[in-house]
Structure formats: C-alpha cells, structure tokens
Amino acid sequence: MKPGRILSGMRPTGRLHLGNWVGALENWVRLQNEGWSNYHMVADWHMLTTGHDDTSRLQSDTHEMVVDWLAAGLDPEKSVIFVQSAVKEHAELHLLFSMLVSKARLERIPTLKEQIRDLHLDEQTISYGHLGYSVLQAADILLYRATHVPVGEDQVPHVELTREIARRFNHLYCRNRAPVFPEPEAMLTRFPRLRGNDGQRMSKSAGNALMLAATPDEIAVYVKGAYTDPKKIRANDPGRPEADPSDGHPGCVVWEYHRKFTPSEAETIARKCRAGELACVPDKQHLTRSLADALAPIRERRARWADDPDAVREVIADGNRRARAVAERTMDEVRGAMGLASTAEVPR
Ligand code: SF4
C-alpha cells in the first residue's frame, strides 16, 4: 500500500499499558517507519465527553502519555505529536460538520450505545457534546485530510460516519471545485486486543494491566498471576491453550501473549501443552524473559524522556505548531468552499 496520511489519537489517561502498545502504538511506529505521514493527537476534548467534572489531571496525564508515545518509538522528527485543544480549528470544523449530521444518525452509533450501557448513563441526560463526539472525531480526521485511520473493529462505524460527512460536504460545497476532503479508509489493527492477565479486557481501572515501562520483576509477578487452563492441575496434565466453549474457558492468557511476543514458538508451545509435555511454571518463566526483552528498549527510552520534561514539552509545542499550520490551510479551503467570511487575516 502506498503510504498516505494517518490521524490517530488517544484520550490522555496517563501512563500506558501493554494493551495500548499492541492495539495502537506498535502500529503507529511501524507506519511512521514505513514513510507514512503520521499525526498523533492527545484527545483532551474527547476526555471531557465522559469526564468533564474532574480535569485536575489533564496536564500531568497528557505529559505521561506523550512520554510513553516517545518511549514506544514515535519520532517527533517524523510524526506530528500534538494536543487537540491547542488547535482551535478542531472546534470550528466540528461546529460546521454538526450541521451535516442528524441526531438520529448519531444515536445509531454502536459505541455510543455501549458507553451508555457500560458507564450506566441515562440516555435522556447524556450531554450534547457526548452525543456528538463522533462528529468531533470526523473533524479531527478530516482537518488533516487523513487518508487512513488506524482503528480496532469497534471504531469502524466512526470512520464510516467520517466518510459520510466528507462525501456530504464535498457534494454540497464542492460542485464546481475539487473536493476538499478525502474519504479516509479504516486500517484495522493487525493484532486484536490483548487481554489482561486475568483474561478480561486489559484496563488500568480493572487492575489487570501490565504497564509499558514495567520492570523485569513487575513483569515476572504479572505473568506469574496470569490465567492459564484451570483444568491443567499437574505439570503433565494436557492443557488447553485455546478457548473451549464447553466450559467457558476463554483460552490461556500466557499462550495468547506467546502468539504476540514469541510467534515463531507459539505453535510448538501449544502442541506440547496439549500433549501434557509442558508445565505452566516454566512456560510462564519463558514468557517473562521474552516480555522483559521486548519491553527493555521502551523502558530505556522512557527513562531518558522522563528525565527531560522540557524536551517533552518542546516536542508537544512543535507538534502543535505543525498541526496548526495544516489545520489553518484546511479551514481556509472549508470556509472558501462554504462561502463563509474571508480568512485573509488568518495567519498561515
Ligand atoms: S503450559 Fe503454557 S500454554 Fe499450556 S496452559 Fe500452561 S501456561 Fe498455558
């Protein structure tokens, strides 16, 4: 695939975990190194849709998250790292796009329904901003005229809405001119979500996350507590690496991690496990060593960036400048296409 431009962001939640690396960061770094034009946004306005009552940690969480992005291998020379709220054009484009989408269309977005269910929200009282967060996402993506959006399966409906908005805008306002917006494509993450060591979805709030900068000792404790096959009691009992619906066994977490971090050995490990030729304790020790090796470069880079907070702030300030320059050009075209006020005074 010819490299294009990607826009991808995260809500500022502070330090990141292994699931963030496998689900997003690793992919961002790969694309960056393959010559894609990467824009990575700290989605602080999105954070407000479900957490507007306490903003006391926004600044520190932003800083810690960006340190982890840099530790993971994002190169600020190649990738633009910026904060959404520092580029006001996101708000302007969100406002304009909000005229192009019906309330009913937003209510059909599956992730909104899931949030209402998971956060025990009252559908009648969710905020105007929360209802429209997928329109803000469309503005985030199209402001940089991203051609691709790296996402998990659950985010595909958002990219579809973004495409609809781009089409609608181009159809309404670009009849006699070149389209302002591309229709970006969803780029599915290669490895599905990594589970926490208890077999459930990994999250910091659930207490089942392995932090990206974990030490070898922390990794050992984490893996030692990992869910395996409850029916494999003795070392030479046959085990079940994969899920078994007959008793609801969701699959051995250790083997899932092997598939990710020691893929060339995963099939042999599974075969030996099934045959009762492999015990869980040595297998967990093997995974611990592999994980510690895989995370060592991230841990070392993190220590360097964490020691230099001014350098991190400069990365963000530079990214904000670069993002703003692109956003201003897009908005000039948007206003021109829509016949809105002249923007001659907008600095380029
Ligand atoms: S031997 Fe390994 S793959 Fe098999 S159940 Fe134990 S930890 Fe899981």
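Biologist: Before we start, when does a residue count as buried here?

Modeller: A residue is buried if 20 or more other C-beta atoms lie within 10 Å of its own, with C-beta atoms placed from the backbone. Keep in mind that this is a predicted model.

Biologist: OK, and what share of the protein counts as buried?

Modeller: That's 37% of the 348 residues.

Biologist: How many helices and strands does the protein have?

Modeller: There are 14 helices and five strands. The radius of gyration comes out at 22 Å, close to the 20 Å from the globule rule for 348 residues, so the protein is as compact as a globular protein of that length.

Biologist: And what does the C-alpha trace span along its principal axes?

Modeller: About 75 × 45 × 45 Å.

Biologist: Which domains is the protein divided into?

Modeller: Domain 1 covers 5–194 + 309–338, and domain 2 covers 216–305. Their C-alpha centres lie 34 Å apart.

Biologist: How many residues does each domain put into the contact?

Modeller: Domain 1 puts in ten residues and domain 2 five. On the domain 1 side, helix H3 (58–72) and helix H14 (309–338) each supply at least two residues. H3 gives the most there, with five.

Biologist: What kinds of residues are on that side of domain 1, nonpolar, polar or charged?

Modeller: Nine are nonpolar, one is charged and none is polar.

Biologist: Switching to the ligand: which residues come nearest?

Modeller: Of the 14 residues around the ligand, those are Gly239, Cys252, Cys273, Cys280 and Asp283.

Biologist: Which elements give two or more residues to that shell?

Modeller: Helix H11 (253–261), helix H12 (263–274) and helix H13 (280–306) do. H13 gives the most, with three residues.

Biologist: How does the shell around the ligand divide into nonpolar, polar and charged?

Modeller: Eight of its residues are nonpolar, four are charged and two are polar.

Biologist: Last one, on contacts across the protein: what part do residues 24 or more positions apart account for?

Modeller: They account for 77% of the contacts with a separation of 6 or more.

Key: Residues numbered from 1 in each chain as written. Predicted model: local features only at pLDDT ≥ 70, side-chain atom pairs only at ≥ 80, totals over all residues. Near = placed C-beta within 6 Å. Helix = DSSP H or I, 4+ residues; strand = E, 2+ residues; numbered from the N terminus. Nonpolar A, V, L, I, M, F, W, Y, C, P; charged D, E, K, R; others polar. Rg over C-alpha atoms; globule rule 2.2 N^0.38 Å. Buried ≥ 20, exposed ≤ 12 C-beta atoms within 10 Å, placed from the backbone. Contact = placed C-beta atoms within 7 Å. Domains from an automatic or database assignment.
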